[in-house]
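Please open the model in your viewer and keep the selection tool at hand.

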Amino acid sequence: MRAFYGRALTDPVIGFLFTDVAHLDLEAHVPAVTSFWETILLGARSYTGGAFHPHAGLHAKAPLRAGHFQRWLLLWHASVDELFAGPRAEQAKAHADRVAFAFHGRLQTTTSAPEAPLPGLVVSRHGRPGGGGG
Ligand code: HEM
Ligand code: HEM
């Protein structure tokens, strides 16, 4: 968790969402996300659910785009791979992918200006010069 938040809070793409928009109190946040992940990965039942709700609140202040979720996942995958290997590490990455996809989809129903669906982990590219800017 701390390896991930060390990356996330200083990240040029999503760091501002934690620091400037949410004004995240990391010491209060780490126990919540730790119980979330120990419930998913280690059979604990310490997390009581409702992870989506704070993201809806965040989205109302600063729209969470597909690119933000892709960046979140990139940092998560990097943090997991740096410290762990094996089936639970794979599960940690796979479940994060699913939750990110689900959160992003749910947020689209709460905004008046839907954007393109989250294209998995594909890195999007800008149009080629002269390609019409598509
Ligand atoms: C060991 C098995 C699993 C456990 C213990 C587990 C646990 C959890 C927990 C605790 C949450 C957060 C719920 C909340 O905050 O309200 C969650 C969310 C989610 N899980 Fe799992 N999960 C498991 C397997 C799976 C599998 C196999 C899938 C799909 C194939 C899946 C898809 C999802 C999705 C899409 C969400 C986000 C739902 C949303 O808020 O929109 N999970 N899971
Ligand atoms: C753009 C991507 C994301 C951003 C910017 C983001 C940011 C945040 C912030 C600022 C909070 C704290 C909100 C508060 O306490 O007021 C939070 C809570 C949380 N986030 Fe995320 N998040 C993102 C994606 C995800 C994903 C993909 C997952 C799961 C795989 C996740 C799991 C959680 C959990 C479990 C909490 C704690 C909820 C609780 O207090 O019960 N987040 N997130």
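**Stop 1: helices H3 and H6**

Select Trp37, Ile40 and Leu41 in H3, then Arg88, Gln91, Ala92 and His95 in H6; these residues meet. Two residues are in contact here if their C-beta atoms, placed from the backbone, lie within 7 Å. The residues of this contact divide into four nonpolar, two polar and one charged. Ala, Val, Leu, Ile, Met, Phe, Trp, Tyr, Cys and Pro count as nonpolar, Asp, Glu, Lys and Arg as charged, and the others, Gly among them, as polar.

Before moving on, note that this is a predicted model, in which local features need pLDDT of at least 70 and side-chain atom pairs count only at pLDDT 80 or more, while totals for chains, interfaces and linings use all residues. Residues are numbered from 1 along each chain as its sequence is written, and chains are lettered from A and ligands numbered from 1 in the order in which they are written. Helices (H or I, at least four residues) are DSSP runs, numbered from the N terminus.

Now show H3 and H6 whole: they pack at an angle of about 115°, with their axes 10 Å apart. Axes are lines fitted to C-alpha atoms, for helices over the stretch in contact, and angles run from 0 to 180 degrees between N-to-C directions. The crossing of H3 and H6 is right-handed, a term for the near helix being turned clockwise from the far one by less than a right angle.

**Stop 2: H5 against H6**

On the H5 side, the contact residues include Phe69, Trp72 and Trp76, and on the H6 side they include Ala92, Ala96 and Ala100. By class, this contact has 10 nonpolar, two polar and two charged residues.

Next, pick glutamine 70, which lies in helix H5 (residues 66–83). Is glutamine 70 buried or exposed? Glutamine 70 counts as buried because it has 21 C-beta neighbours inside 10 Å (buried means 20 or more other C-beta atoms within 10 Å, exposed means 12 or fewer, with C-beta atoms placed from the backbone). Glutamine 70 and isoleucine 14 are 56 residues apart in sequence, and their C-alpha atoms are 10.0 Å apart in space.

**Stop 3: the two ligands**

Select ligand 1. Of the 13 residues around ligand 1, Gly49, Ala51, Phe52, Arg98 and Ala102 come nearest; a residue is near a molecule if its C-beta atom, placed from the backbone, lies within 6 Å of it. Which helix gives the most to this shell? H6 does, with six residues. By class, the shell has seven nonpolar, four polar and two charged residues.

Move to ligand 2, which 22 residues surround, the closest being Ala22, Phe36, Pro54, His68 and Val99. The elements that give two or more residues to the shell around ligand 2 are helix H2 (15–21), helix H3 (26–41), helix H4 (52–61), H5 and helix H6 (87–108). This shell has 18 nonpolar, four polar and no charged residues.

**Stop 4: histidine 23**

Finally, select histidine 23, in the loop between H2 and H3. Histidine 23 is exposed, with 7 other C-beta atoms within 10 Å. Phi of histidine 23 is near 50°, a positive value in a residue other than glycine. Most residues other than glycine have a negative phi.
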